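Biologist: Please take me through this structure slowly, and set each value against the rule that gives it its name.

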Amino acid sequence: MANQPWQEEENIDPIETLLNEFSDPEEAEEEFREDFFQGLGGRRKKSAFMLSLVWAIAFVLHTVSWGSTAVLGATGLLLIQAIRLVSQKPDESPTPLTDAQLNDAPTVSLVISAKNEEAVIGRLVKNLCQLDYPVDKYDVWLIDDASTDKTGQILDELAQEFSQLKVVHRPPNAGGGKSGALNQVLSDTQGDIVAVFDADAKAPKDLLRHVVPMFDDQKVGAIQVRKAIANESLNFWTKGQATEMILDGYFQQQRIALGGIGELRGNGQFVRRTALDQCGGWNEETITDDLDLTIRLHLDDWKIGFLLEPAVQEEGVTKAMSLWHQRSRWAEGGYQRYLDYWRYFSNQRLGFGKKIDLFSFILMQYLLPTAAVPDFVFAIATGHFPVLFPMTALATLLTSWAMLEGTLRVYKKQPWTWQKLSKITNSCLVTSVYMLHWLVIMPVTTARMSVRRKRLKWVKTVHQGEEETLASQS
């Protein structure tokens with residue numbers, strides 16, 4: 001991954017400056033970079049430090065007389081930010097490209113890395129190769145990452161049928177995981193915009209017509225399309241994931257409208273080539289390439305937009321254990337980006353609004369669930385009420401509001417009927433219970449990161465490809 005401009009700038013850290021007064025500056029800097037910016041060893045140390053800090057703060061809040069007052073004050077500040085967040089009005093999506101505008105439309109390269117995806121790869125290729133966009137203005141790159149099933153054979157056969165399909169076969173142990181696969185073909189792609197899809201994706205036929213106009217704003221470096229769960233009706237887990245994606249989309253829109261940080265979600269992400277080149281491609285030392293790229297784009301002063309409609313469909317995992325593994329990976333990837341790039345968050349390229357948004361969501365999404373464990377332990381030990389309850393209550397209320405508003409936003413074009421009201425009510429209730437899994441995953445993931453190294457490897461979710469489960473979202 002190439003060096004970025006923000007990595008070359010000198011940022012003055014008062015704590016680091018003070019510490020360097022008691023050591024050799026060059027030696028301290030070399031050790032600091034080796035431990036805290038290179039590889040997994042630094043991540044483990046930083047994870048352990050953060051976990052210890054969270055427990056220490058919880059202990060202090062339970063033992064000092066002003067602990068509850070401090071929490072109330074912090075909750076008040078977060079309440080102001082929450083009110084600012086929900087009161088924003090998202091920008092309207094631009095008008096889709098007309099037939100006449102397609103003549104001058106930019107080129108797009110769709111890239112997919114697939115490993116053992118014989119159940120879904122054929123459907124994906126046929127879907128992406130038949131989009132409503134000029135054939136000479138977009139190409140589809142399928143990377144067979146050392147599959148041991150029939151994925152490679154299926155792709156080779158489809159390449160004879162679709163002229164815009166390019167197939168690349170990676171050998172075993174090629175390295176870099178999904179990011180390595182994407183980087184391998186990046187220099188061969190010709191699109192002004194590079195899009196990434198998962199193997200189980202199902203893109204609307206007019207998707208490119210909707211996404212491309214959003215890049216007219218030259219400050220936009222990437223666009224994330226809302227994800228929808230294709231097999232939503234299957235069981236409790238898929239129903240929860242469907243509303244969870246809606247919830248995520250709502251927060252995405254509101255954060256962007258507030259001047260905060262829009263985020264990439266992997267499947268259905270579109271990145272301007274110049275922005276991707278400036279960032280040095282995808283990071284091959286992270287387990288969530290999309291979240292890592294999100295931070296690097298913002299540090300390079302690019303905006304990330306969000307497209308609510310139409311959505312890209314994907315299969316939701318159907319079992320609790322599969323959900324646990326998937327969400328644990330997402331949680332760890334989310335932590336990794338903050339642990340890797342925290343030193344650069346004070347950079348002037350990251351504006352004040354983005355800094356406030358970033359801090360608020362690190363606190364609410366990562367630190368607060370982790371702090372719930374020591375808060376509960378010390379509450380039992382001291383016989384006190386959990387001191388973080390006001391903050392937890394605020395996070396719960398904000399999530400509930402966002403869930404309802406997001407669902408109403410997605411289904412607003414449907415006429416009001418008892419069926420629609422029942423669906424929205426049921427979805428919100430089911431997801432309120434479903435979302436409790438994050439209260440377990442976040443502290444467990446933080447603890448595991450603190451004590452065990454994570455071996456970087458190609459991690460994928462098994463896709464069934466059952467046609468009957470892929471009905472469009474109602």
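Biologist: Which residues is T75 in contact with, leaving aside its neighbours within four places in sequence?

Modeller: T75 is in contact with P390, M391 and L394, where contact means heavy atoms within 4.5 Å. Before we go on, please note that this is a predicted model, in which local features need pLDDT of at least 70 and side-chain atom pairs count only at pLDDT 80 or more, while totals for chains, interfaces and linings use all residues. Residues are numbered from 1 along each chain as its sequence is written, and side-chain values use heavy atoms, with hydrogens and water left out.

Biologist: Why does T75 count as buried?

Modeller: Buried means under 20% relative accessible area, exposed means over 50%, and partly exposed lies in between, with a 1.4 Å probe and protein chains only. T75 has 10% relative accessibility, so it counts as buried. T75 is found in α5, which is a helix because it is a DSSP run of H or I with at least four residues, whereas a strand is a run of E with at least two, and both kinds are numbered from the N terminus.

Biologist: How do you know that the span of helix α15 agrees with its number of residues?

Modeller: The expected span is 1.5 Å times one less than the number of residues. For the 22 residues of α15, residues 389–410, that should be 32 Å, and the end C-alpha atoms are 31 Å apart, which agrees. Among the buried residues of α15 are M391 and L394, and the elements that its buried residues pack against include α5.

Biologist: What makes β2 a mostly covered strand?

Modeller: Eight of the eight residues of β2, residues 138–145, are buried. In a regular strand the side chains alternate between the two faces of the sheet. Here Y138, V140, L142 and D144 are buried on one side, and D139, W141, I143 and D145 are buried on the other.

Biologist: How do you know that β1 and β2 pair?

Modeller: Two strands pair if DSSP finds at least two bridges between them; β1 and β2 have seven bridges in the parallel sense, so they pair. I112 stands opposite L142 in β2. β2 also pairs with β3 in the parallel sense, over six bridges, and W141 stands opposite K166 in β3.

Biologist: What makes the pair of F236 and W237 edge-to-face?

Modeller: Rings of Phe, Tyr and Trp (its six-membered ring) pair if their centres lie within 6.5 Å, and planes under 30 degrees apart count as stacked, over 60 as edge-to-face and the rest as tilted. By this rule the count comes to 13 aromatic pairs. F236 and W237 are 5.0 Å apart centre to centre, with 75° between the planes, so the pair is edge-to-face. F236, at 34% relative accessibility, counts as partly exposed, and W237 counts as partly exposed at 26%.

Biologist: Why is N173 called exposed?

Modeller: N173 has a relative accessible area of 81%, and therefore it is exposed. N173 also has a positive phi of about 60°, although it is not a glycine. A146 is another residue other than glycine with a positive phi, near 55°, but A146 counts as buried, because its relative accessibility is 17%.

Biologist: How many disulfides does the structure hold?

Modeller: The structure holds zero disulfides, a disulfide being a pair of cysteine sulfur atoms within 2.5 Å. C129 is buried at 7% relative accessible area, and C279 is buried at 0%.
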